[in-house]
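Take a look at the model below.

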Amino acid sequence: MQTKKIILHCDVNNFFASCECALNPSIKDQPVAVTGEVTKRNGIVLAKNEIAKRFGVKTGDVIFEAKRKCPDLICVRPHHKIYEKYSRRIRAIYEEYTDKVEPFGIDECWLDITDTVKFFGSALDVANTLRQRIKEEIGVTISVGISFTKTFAKLGSDMKKPDAVTIISPENFKERTYKLPLGSIIGVGKKMEAKLNKLNIFTLGDLASFDENIIKRKFGIVGERLQKNVQGVGDDEVQNIENYKVVKSVGNGTTTLVDVKNKKEIRSVVMFLCDEIATRLRNKHLTGSTISVSLRRNDLIWISKSHTILKSTNLSKDIYNTAMEIVDQIWNEVCPLRSIRITVSNLDSEDNYQLDLFDTNRNRKTLENAIDKIRQKYGYNSITPLLSKNDRLINQQALRLDDDDDDDLS
Ligand SMILES: [Mg+2]
């Protein structure tokens, strides 16, 4: 039998309200609600902390209704940029324990720690460490479910909160979950639940033992998968976080080994950088339309300029041509250069790249795609632009590659 995976589901408790309290500790011991506009009659409660919850304040309550339940309720407006920042900081902690971190909404993640748990003790150790660290370092609490599938890990994180860990194992999952109503697992909405109820299916246990053919006939693949999930079969593929990161720009820069004195010299460096950036864009299936050039002169002054082209690209030729146009505009060879950096931003998915009928880039695209294939097979340096081959200006070690996916607000 295939060994079971170890999957955690981590869920930040009362996320928006917890962020507000972490940000402003003076309100953390009082009832707090994150709400829409207070002056508007239709302002509602978007989130509340544990204390407000004890007064019966519910998400979706109209503000005056919530205030009636809890007259001292502190209402704050949402700060979504700040919540995103908290979310990123929390995910960064998860990523220290595995690269398989799959976000689900802004405040929940699945972590597959099957291969990495051995470095940190047991699954329970990892869960408790995460709980502790996030409380201390971020100032919010999480609930963790530990299980062998995503469905049960998520269910586990719902079972006990705040600041708690629940284990649902292959041995105890039936006993722990089969009496629960259908709505307690992910994937069962109100409509689905009503339809299942008509077949006399009310609990997870009812669904697990129901005739598979009837489920399949009535609900198709969705029903089939749902039934498998409650049986604890499959449903254990946690995505890698890299698939979820939004890259905002792709850039590359270098400090040259000797100062760059003229256009001929800079061309080879720019060519080298553009070629590498274009390759990375293509690998990520991205195109970009804003090309920025930053040059640092040997008097240490930076000069930069950006230009946005009409058609988003991931071809080194296009990026190079635009970069050199910018270089011509901002640098007159009087003061030699020490560093050169090129960045492509305003990124778009390659799927949106349209080749028109008379597109001269068609051949170029075929060529650059062929280069990618050769490099994938024989390594990046197996094929390089002639101009930059073994160039004395380029210190390969000093190349700074960066995909900027962080627009930190602080
Ligand atoms: Mg949550």
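What order do the 3 strands of the open sheet have? They go S3-S2-S4, with mixed pairing. This is a predicted model, where local features need pLDDT of at least 70, side-chain atom pairs count only at pLDDT 80 or more, and totals for chains, interfaces and linings use all residues. Residues are numbered from 1 along each chain as its sequence is written.

Strands here are DSSP runs of E, at least two residues long, and helices are runs of H or I, at least four, numbered from the N terminus. Two strands pair if DSSP finds at least two bridges between them. S3 and S4 are the edge strands, each pairing on one side only. S2 and S4 run parallel, joined by 3 bridges; Val34 has Val76 of S4 as its bridge partner. Helix H1 packs on the sheet, touching S2, S3 and S4 (contact means C-beta atoms, placed from the backbone, within 7 Å).

| Element | Residues |
|---|---|
| helix H1 | residues 15-23 |
| strand S2 | residues 32-35 |
| strand S3 | residues 45-48 |
| strand S4 | residues 74-76 |

Now for the helices. The axes of H11 (residues 263-283) and H12 (residues 316-330) come within 9 Å and cross at roughly 140°. Axes are lines fitted to C-alpha atoms, for helices over the stretch in contact, and angles run from 0 to 180 degrees between N-to-C directions. So H11 is oblique to H12, since angles under 35 degrees count as roughly parallel, over 145 as roughly antiparallel, 65 to 115 as roughly perpendicular and the rest as oblique. Among the residues making the contact are Ile266 and Val270 of H11 and Ile319 and Tyr320 of H12.

Notes. Contact = placed C-beta atoms within 7 Å.
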